[in-house]
Amino acid sequence: GQPVEVVSGFQYLGIYFNYNNKFNVSQKHLFDKASRAMFALVRKSRKLMLPLDIQIELFDRMIVPILLYGCEVWCPSMLNLASKLQLRYYKIILKLNKATPTKMIYGELGQFPLEVQAKTRMLNFWFKLVTNSNLNKFSCIMYRFLHDMYYNSDYKSNYLVTVESLLNDLGLSGMWINQFELSCSDHWFKQKVNRSLKDQYIQQWLSDIDTGDIFYNYRLYKGVFQTESFLSCLPQPLILSILHFRTLNHRLPIQKGRINNIPRGERLCHLCDDNDVGDEFHYIFDCAFFSNSRNALIPRYYRFRPNVLKFQELFSTKSRKLLIKLAKFCNIIMKNL
């Protein structure tokens, strides 16, 4: 007559397992723990008024280890949840809209999605399994047993399918074919995998920036995947002013028209009579409504015969003095729109 408790899984060495041979319980547990830790970090960072670069580093050191615990085994099934939490944290601390393009966030911060780190750790763990000199280790024995079943088509292992696919994508198919006869060092393999995964992401990032309509102006001043200098040399309010202006977190006609599905040529500035498209270039250089502020904050070199090259140079400057003036001007523009 006693109620029966339904157990969905079990715990071993801190990892939760399902009886259906999946990691759903463990992934949910890790995600919940990381979420609680993330919001605790946000509260403490605000209380201590920590700089943005410190907040990003704290996330990498405190939250990422929770999210990626055991990823050597369960990767890549939880990567969507991990990347989702990573982006949510960035949007919270940078006060960005939910619709902010992901590529812009990663590009401004110079941060890679967590899938790069998770895949690197997964392949490094695989490399240790196939090259370990101590073949009597339980993990090595089990891997070889799993590999034989997979090779003979007796069992389809999602883990081995993922490893083989990753190695093929990285141009390391020969290492998969001759995996038990590898002679390269652990250090070389780790560096090779890490660099290749990062290069692949950067190439995809550049391709998306160059072809996406939403990046029409963004690609004019952002052509290199790296952390922007203004994130570490300005006070936080000024950082957010420039960042919001660069990442479409504003109410310029170019962005409002995109949300309302208005053709680009009809997203005109309503503050002047030039009948120009109300984009970032127009308000920085041309709009007569901001002439006084522009003359006071933007050097004459940029105001005289403005062009795309000067637009790129202005937003890529590393001069702290000029960045402060640019941030103030961006703030004035966004407050009047």
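1. Let's start with helix α7, which covers residues 138-151 and holds Phe 138. Helices here are DSSP runs of H or I with at least four residues (strands are E runs of at least two), numbered from the N terminus. Phe 138 counts as exposed at 63% relative accessibility. For burial, the cut-offs are under 20% relative accessible area for buried, over 50% for exposed and in between for partly exposed, with a 1.4 Å probe and protein chains only.

2. A word on what you're looking at: this is a predicted model, where local features need pLDDT of at least 70 and side-chain atom pairs count only at pLDDT 80 or more, while totals for chains, interfaces and linings use all residues. Residues are numbered from 1 along each chain as its sequence is written, and side-chain values use heavy atoms, with hydrogens and water left out.

3. Back to Phe 138: together with Met 142 and Phe 145, Phe 138 makes a nonpolar surface patch of about 360 Å². Patches are built from residues with over 30% relative accessible area and no salt bridge, joining nonpolar side chains (Val, Leu, Ile, Met, Phe, Trp, Tyr) within 5 Å and like charges within 9 Å. The areas come from the Shrake-Rupley method with a 1.4 Å probe, and for residues only the protein chains shown count as cover.

4. There's a charged patch too: Asp 273, Asp 274, Asp 276 and Asp 286 form a negative one. Asp and Glu count as negative and Lys and Arg as positive, with His and the chain ends not counted. Each charge is placed at CG of Asp, CD of Glu, NZ of Lys or CZ of Arg. Have a look at Asp 273, in the loop between α14 (253-259) and α15 (280-286); Asp 273 is exposed, with a relative accessible area of 77%.

5. Now the salt bridges, of which the whole structure has 10. The term means a side-chain nitrogen of Lys or Arg within 4 Å of a carboxyl oxygen of Asp or Glu. In one of them, the closest N and O atoms of Glu 57 and Arg 61 are 3.0 Å apart. These two sit 4 residues apart in helix α2 (residues 52-67), so about one helical turn separates them. Glu 57 is partly exposed at 36%, and Arg 61 is exposed at 59%.

6. Arg 195 is partly exposed at 41%, and so is Asp 199, at 34%.

7. Which parts does the salt bridge between Glu 72 and Arg 121 (3.2 Å, N to O) bring together? Glu 72 is in helix α3 (residues 71-74) and Arg 121 in helix α6 (residues 114-131), so the pair ties together parts 49 residues apart in sequence.

8. Last, the rings: there are 26 aromatic pairs. Rings of Phe, Tyr and Trp (its six-membered ring) pair if their centres lie within 6.5 Å; planes under 30 degrees apart are stacked, over 60 edge-to-face and the rest tilted. Phe 215 and Tyr 218 are tilted because their planes are at 50°, with centres 6.2 Å apart, and both residues are buried. Phe 289 and Phe 290 have centres 5.0 Å apart and planes at 80°, so that pair is edge-to-face.
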